[in-house]
Amino acid sequence: MNTDADGEAQDRSPAVRRLSDWDPVRLEALVDEHGSPLYVLDLDRVRENYRRLDRAFPDAEILYAVKANALGDALEAIREAGAGLECASAGEVKRALEAGAPGSAIRYTAVNPPARDLDWVVDAWDDHPDLTITVGAEDTIDRLADRGYDGRLCLRVNPGIGAGHHEKVRTGAAAKFGVPAERAVDVLADAADRGFDVVGIHAHVGSGVQSDQLDAHREFVARMGDLARDVADAVGDLEFVDVGGGFGVPYREDEAPLDLDAVARATREAIGKIDATLSIEPGRYFVADAGVLLTDVNTVKDARETTVVGVDAGMTTLARPAMYDSFHPIRNLTADATDGGARETIPQTISGPICESGDVFCTDRELPASERGDVLAIGNAGAYGYEMASQYNSRPRPASVVLDGGDVRLARRRETFDDVTRLETARSAPDRDSNPETVR
Ligand code: LLP
């Protein structure tokens, strides 16, 4: 963190890192060394993103929503920087603990939790009694009680207001999430009577909320403030009021970044006076612009109406374009690094290797004419990139490298074809080729 003349902590990092800010020569060299496709995450940028959040919300408790990018190196860096970890599953709680987070820094937000998750987390609670479990249904409280849990409890409410970049990520009014806010006081009073340590209320309006949805954010936070006061009157003091994550990032190169100070101001005004700490838990904001996905061009084809550029990353590597029609910036690193921008620009449809028509990163986008062997970079891939990757079409998932100051390290190796079939129990029997019984 930079320190100004008054000794006041300042962070002067830019509000967004654009794809054009990355060094094309350095990125191409990473593909030379580690192969393609390749995820790259710059931990320094992750730290900067945290510091800007911390500066905008100096009195709030900041947690990182692990689901955006659960890479151990990222969790460790975020943890060390000072944020807590919000976990969506037992698997994420496990990774948070492995990254060195103490129980007090972990909140597990249980959404229709499978029995196995509750078993695992309640077991972990024995060793980490300060962890918090957030429940979004009354009967999750019963299921916790059945397992002997009477620890720190937070209630996720459904505030009836949603916002976000796509219908599929607007959670605040979706029936699936949270207990209807009007039942919260009764549910918490009951939980307190049963001996739970009631510590907070929580809601998450949705993901990818931009400045133009600030009114929805304000209304949502105001409802949380009212509820916090009602709960304090009827049940007792809360430790925190968690208003979730959802802070949007600009995916288009000319899109303005979120005005964090404006969001922070709106949040403070809307929540009113509460006798509890405000919590926020962004995911995307920490990691999106700290990550890029690099991919080799393997085919260039003149189709009837466009040029189709085939790359070795696809919807199995980065699902967002196929799933939400999300825009991601794309850059031809080879053209930028070697030809100094001299190539002709033509409309291109960049497609992956998966047998689905939705496996397309962009349609008719004007880019320097791609050639076989070029390396392309897909920007803003640090959030919900690798996390949503799959092995569909029996495609091994890519490797991930992290940049950490001057250091570069392979944080997760590329999967192999053997990794794809490793879990097939019958077929992995050592003697399957020699034993006709096991050959089907
Ligand atoms: N807290 C809760 C309870 C959440 O469900 C989420 C995201 C977050 C925090 C973090 O939201 P963020 O700050 O990252 O927007 N796969 C989608 C995004 C799904 C978000 C799900 N919940 C995408 O790629 O856009």
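Is G248 buried or exposed? G248 is buried, with a relative accessible area of 1%, where buried means under 20% relative accessible area, exposed over 50% and partly exposed in between (1.4 Å probe, protein chains only). The model is predicted, so that local features need pLDDT of at least 70 and side-chain atom pairs count only at pLDDT 80 or more, whereas totals for chains, interfaces and linings use all residues. Residues are numbered from 1 along each chain as its sequence is written, and side-chain values use heavy atoms, with hydrogens and water left out.

G248 is found in the loop between β11 (240-242) and α9; helices (H or I, at least four residues) and strands (E, at least two) are DSSP runs, numbered from the N terminus. Leaving aside neighbours within four places in sequence, G248 is in contact (heavy atoms within 4.5 Å) with G208, V209, Q210, L258 and Y285. From V179, G248 is 69 residues away in sequence and 25 Å away in space, C-alpha to C-alpha.

Two packed helices are described by the angle between their axes and the distance between the axes. Here axes are lines fitted to C-alpha atoms, for helices over the stretch in contact, and angles run from 0 to 180 degrees between N-to-C directions. The axes of α8 and helix α9 (residues 260-271) come within 7 Å and cross at roughly 35 degrees. On the α8 side, the contact is made by L214, H217, R218, V221, A222, G225 and R229, and on the α9 side by A262, V263, A266, T267, A270 and I271. The crossing of α8 and α9 is right-handed; a crossing is left-handed if the near helix is turned anticlockwise from the far one by less than a right angle, and right-handed if clockwise.

Helix α8 (residues 214-234) also packs with helix α7 (residues 184-193), at an angle of about 40 degrees and with the axes 10 Å apart. In this contact, A184, V185 and L188 of α7 meet L227, D230, V231 and A234 of α8. α7 and α8 are therefore oblique to each other, given that angles under 35 degrees count as roughly parallel, over 145 as roughly antiparallel, 65 to 115 as roughly perpendicular and the rest as oblique. The crossing of α7 and α8 is right-handed.

Helix α4 (residues 90-98) shows how burial can be arranged around an axis. Its residues A90, E92, V93, A96 and L97 are buried. Seen down the axis of α4, these residues fall within an arc of 160 degrees, so they line one face of the helix; the arc is that of the directions from the helix axis to the C-beta atoms. The cover over the buried residues of α4 includes α3 (72-81), β5 (84-87), β6 (106-110) and α5 (115-127). Just after α4, G100 takes a positive phi of about 95 degrees.

Positive phi values also occur in residues other than glycine. N112, in the loop between β6 and α5, has a phi near 40 degrees and is exposed, with a relative accessible area of 55%. N380, in the loop between β18 (375-378) and β19 (399-404), has a positive phi of about 55 degrees but is buried, with a relative accessible area of 6%. Another backbone feature is the cis peptide bond from S36 to P37, with omega near -5 degrees; P37 lies in the loop between α1 (24-34) and β3 (38-42).

Two threonines belong to the region around β14 (307-311). T307 lies in strand β14 and counts as buried at 11% relative accessibility. Beyond four places in sequence, T307 is in contact with V300, K301, D302, I346, P347, Q348 and T349. T316 lies in the loop between β14 and α11 (320-324) and counts as buried at 4% relative accessibility. Not counting residues up to four places away in sequence, T316 touches I354, A389, S390, Y392 and R395.

The cysteines remain. A search of the whole structure finds zero disulfides, a disulfide being a pair of cysteine sulfur atoms within 2.5 Å. C87 is in no disulfide, and the nearest cysteine sulfur, that of C154, is 13 Å away. The sulfur of C154 likewise has that of C87 as its closest cysteine sulfur, at 13 Å, which is too far for a bond. C87 counts as buried, at 0% relative accessibility, and C154 also counts as buried, at 0%.
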